[in-house]
Amino acid sequence: MRGPDTALLAREPAPLLAAIDLGSNSFRLEIAQIQRGRYKRLDYLKETVRLGGGLDAQGMLTEDATQRGLACLARFAERLKGLSATHVRAVATQTLREARNRDAFLSRAQAVLGHPIEVISGREEARLIYAGVARLLPPSPGRRLVVDIGGRSTEMILGEGRTPLVAESFQVGSVGLSLRYFADGRLTPEAFRAAQVAAGAELEEALETFAPRHWRHAFGSSGTVGAVSQVLAACGVTDGTVTPEGLRWCIDQCLKAGRVEALDLPGLKDDRRPVIGGGLSLLYTLAIQFGLDALVPARGALRQGVIFDLDERLHAARAGAHVHDMRDESVRQLQERFHADLAQAERVREVALALYDRLEGPAGEARRELEWAAQLHEVGMSVSHHDHHRHSAYLLAHVDAAGFSQSQQRRLAALVLGQRGGLRKVEASLPDETFVLQLVSLRLAVLLCHARQAPELKALTLQREGRKLRLVPEPAWAQRHPRTLYLLQQEREAWERVGALVLEVPLPL
């Protein structure tokens, strides 16, 4: 069958795409179009939420911080009205990676926003930052270093052209350092020294990886770099380029002021004032340790990277098998890394998708998740054949997989964990009907392919009415496959024990 006409796809009007960045200091919403590779911003909203300042000593997000976040998301939701749900992507970063009660926050936040919120790993955040920066920079020879200082994390990426080569995330940011060393509002030499030592200790392991000999140009992305750049330009210290001399000048102005509220720097916005101590300490440490003689502010950031990534996913979905998004490549790499049996993975994938389609499960991301779970369901065998599904689930929940959010990796892990045995271990996910359809499709596929041969699907009739499934084998098939029929009865009993699904497998007369 012919694939879609790529020339026709290129002539379609560019859709509106939206990215929501739930950062530790600010929440941002950007709406843009990408037409023939050109990026056009249509709207941009930013609110200082200081979610990262709302983590208490136990790592719990306070109710005050939660309310600030929800109020902001409610305003974002108003602006998003009318946009297709598939054209909106919301991501959360370090604060929600850390928060012990993040699931409770996400449940409330998603209800307010009206869209899913994905918690992304530090390395995935770094990859997306580089995508946003690299796509909006003019072409230049040589390798680039991109630095992004957030509220509670700092990302460093080494890349060439549009390709990230090394991407790392460090748990140190402007909000965290400011809360720890400048919480009383005093700007003292002792506080700056202590903050710089703490930042240096966190970044020290990357000294060799990002040493100056590995890159030719350095760019700074997002809030802290942008804020310092604006101050340096407004005060005539530099043209906006961040230099060690310029940073020392900024720190001197802070020391002369003595306190945050007394600081009067042209170009410094009020929302940046409370976190300027930590931001300058971290940026100066980076400049000295990594030889950043000239850090140029970049236009792109995480939110643009999210939009570029979303555009690629939508293009892949329209183009079918002709174009793959980053997650397909990550799945292939994981299969290779963990020595998956590719023939068995393909058998299970084909059967699981065929069964899922018969059950009329939701298309789109849900169907793709089932496909990826099937392709990776045995990666845990690289650890041990015994309880390999548990090892597979652990690997999928914790491995760095470019393109996947932590939220989606946890869903894949739950599917793979539930591929065999009792269902109590995934009971928390069973109220979700889509998850149940994914899981029963995967379990039946694994069962039918247990002999590592392609099953005779035409000999099996599968019907669904709500959460009631009826799987009817032809009598001749049942006679040829008594062991599989036995396993199907075991499967029926497994679902009966949890009550999440009624699976009928009538025995042939």
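What share of the contacts in the chain with a separation of 6 or more comes from residues 24 or more positions apart? Those residues account for 68% of them, where a contact means heavy atoms within 4.5 Å.

## Before you start

You're looking at a predicted model: local features need pLDDT of at least 70, side-chain atom pairs count only at pLDDT 80 or more, and totals for chains, interfaces and linings use all residues. Residues are numbered from 1 along each chain as its sequence is written, and side-chain values use heavy atoms, with hydrogens and water left out.

## The chain as a whole

The chain has 19 helices and 13 strands; these are DSSP runs numbered from the N terminus, with helices (H or I) of at least four residues and strands (E) of at least two. Its radius of gyration is 26 Å, close to the 23 Å that the globule rule gives for 509 residues, so the chain is as compact as a globular protein of that length. (That radius is taken over C-alpha atoms, and the rule is 2.2 Å times the number of residues to the power 0.38.)

Along the principal axes, the C-alpha atoms fill a box of roughly 90 × 50 × 45 Å. Of the 509 residues, 54% are buried, meaning under 20% relative accessible area with a 1.4 Å probe, protein chains only.

## A sheet built from β1 to β5

Here five strands make an open sheet with mixed pairing, ordered β3-β2-β1-β4-β5. Two strands count as paired if DSSP finds at least two bridges between them. At the edges sit β3 (38–48) and β5 (117–119), each pairing on one side only. Neighbouring strands are turned by 20° against each other on average, direction ignored.

Strand β2 (residues 26–35) runs antiparallel to β3, and ten bridges join them. Look for A32, whose bridge partner in β3 is R41.

Seven bridges hold β7 (residues 154–160) to β8 in an antiparallel pair, with T154 opposite F170 in β8.

## The annotated stretch

An unreviewed UniProt entry marks residues 327–491 as "domain: Ppx/GppA phosphatase C-terminal"; such annotations may be inferred rather than shown by experiment. This span is 57% helix and 7% strand, with its end C-alpha atoms 31 Å apart.

Conventions
Buried means under 20% relative accessible area, exposed over 50%, partly exposed in between (1.4 Å probe, protein chains only). Axes are lines fitted to C-alpha atoms, for helices over the stretch in contact, and angles run from 0 to 180 degrees between N-to-C directions.
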